[in-house]
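Please look over the sequence and the structure shown below before reading on. The briefing then takes up a few helices, one topic at a time.

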Amino acid sequence: MINSQPSAPFTSQQSLAPKLTGLRYIPRWIGGAMCYMAFGLGGLLSSLTILPVLRYWPGTKKARTARVQRTVSVMFKGFVAMLTAVGVINVSTKNLHLLQQAQGHIVIANHPTLVDVVVLISLMPNAGCIVKQSLWRNPFIRGVLSSVGYIPNRSANLLLQDCKQVLNNATNLVIFPEGTRTLVGNVINPFARGAANIAIRTQSNILPVILRTDVAGLTKQESWYQIPRQTINMSVEIADSVLHHDDEITQGNEAKMARQLTRDLQQFYLNSLSIPIDSHTDKKRK
């Protein structure tokens, strides 16, 4: 069962940001483009310097992984702060403590914008995710991906083994069931069964995160350099965990349970996203 407290409607105090036109848009575009450049350059430099040092610093494998994850989270927090400073995005949160206290959970979220994974990891000190197999063939970043607890998207059996190992080490696994960013005009894209399958077969908890935005921007139909003309107010809302008990799962019915869980999760998001963006007091970045 999926439980969530409904949010209050969009209030008058949260009027939409003005849409920049003409010369007023130029500083926004320059600022946004510089944020992306800084993010790319910072990622390259850190993968060649500080992250390898943290990876080989003395300690257990679990401790080294935790150090790298915290560092990546801080780096992503800095990127979100830069986007906020230039007016691209403004993030508010609800029930953030549930996300920051989670260990070994599958964190799922809808996917409205390009920066969703960056925002989520910036709020989590212990996050991992599944990345393309091709990135693991890159000798410059393979070691970093491994040390931070990321998982290559390979065959189903190997993927499940990797997921179970990462989750058992208290790392939260971030998955977007939509698979790609939500198409403009859709509430969500149809959910794939990957997250449900992993949750059931590893007997892990799911922590749903609802991402709401008040204006369209950084969408699937837009290129990265199309910096939004309006500030995107993003609400990050953490719902209750969905628990799976050992005695509920028997060999042979995992596929059926995954299909049902996927339908339940998709309906949960459809219901939740029918409510407008809310104002939160937990934490707000301006």
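Which residues of α3 are buried? In this predicted model, the buried residues of α3 are Thr-65, Arg-67, Val-68, Gln-69, Thr-71, Val-72, Ser-73, Phe-76, Phe-79, Val-80, Leu-83 and Thr-84.

**Helix α3**

- An α-helix has 3.6 residues a turn, so residues three or four places apart point the same way.
- After α3 comes Gly-87, a residue whose phi is positive, near 90°.

**Leu-83 within α3**

- Leu-83, which lies in helix α3, has a relative accessible area of 2%, and it is therefore buried, since buried means under 20%.
- Leaving aside residues up to four places away in sequence, Leu-83 touches Cys-35, Val-88, Ile-89 and Val-115.
- Although Leu-83 and Arg-28 are 55 residues apart in sequence, their C-alpha atoms are 9.9 Å apart in space.

**Helices α8 and α9**

- The axes of helix α8 (residues 194-201) and helix α9 (residues 254-272) come within 8 Å and cross at roughly 130°, which means that α8 is oblique to α9.
- The crossing in which α8 passes α9 is right-handed.
- On the α8 side, Ala-196, Asn-197, Ile-200 and Arg-201 meet Glu-254, Ala-255, Met-257, Ala-258, Leu-261 and Thr-262 of α9, and the residues of this contact divide into six nonpolar, two polar and two charged.

Conventions. Residues numbered from 1 in each chain as written. Predicted model: local features only at pLDDT ≥ 70, side-chain atom pairs only at ≥ 80, totals over all residues. Heavy atoms only, no water. Axes fitted to C-alpha atoms, helices over the stretch in contact; angles between N-to-C directions. Helix = DSSP H or I, 4+ residues; strand = E, 2+ residues; numbered from the N terminus. Parallel < 35°, antiparallel > 145°, perpendicular 65-115°, else oblique. Left-handed = near helix turned anticlockwise from the far one by under 90°. Contact = heavy atoms within 4.5 Å. Nonpolar A, V, L, I, M, F, W, Y, C, P; charged D, E, K, R; others polar. Buried < 20%, exposed > 50% of the residue type's maximum accessible area, 1.4 Å probe, protein only.
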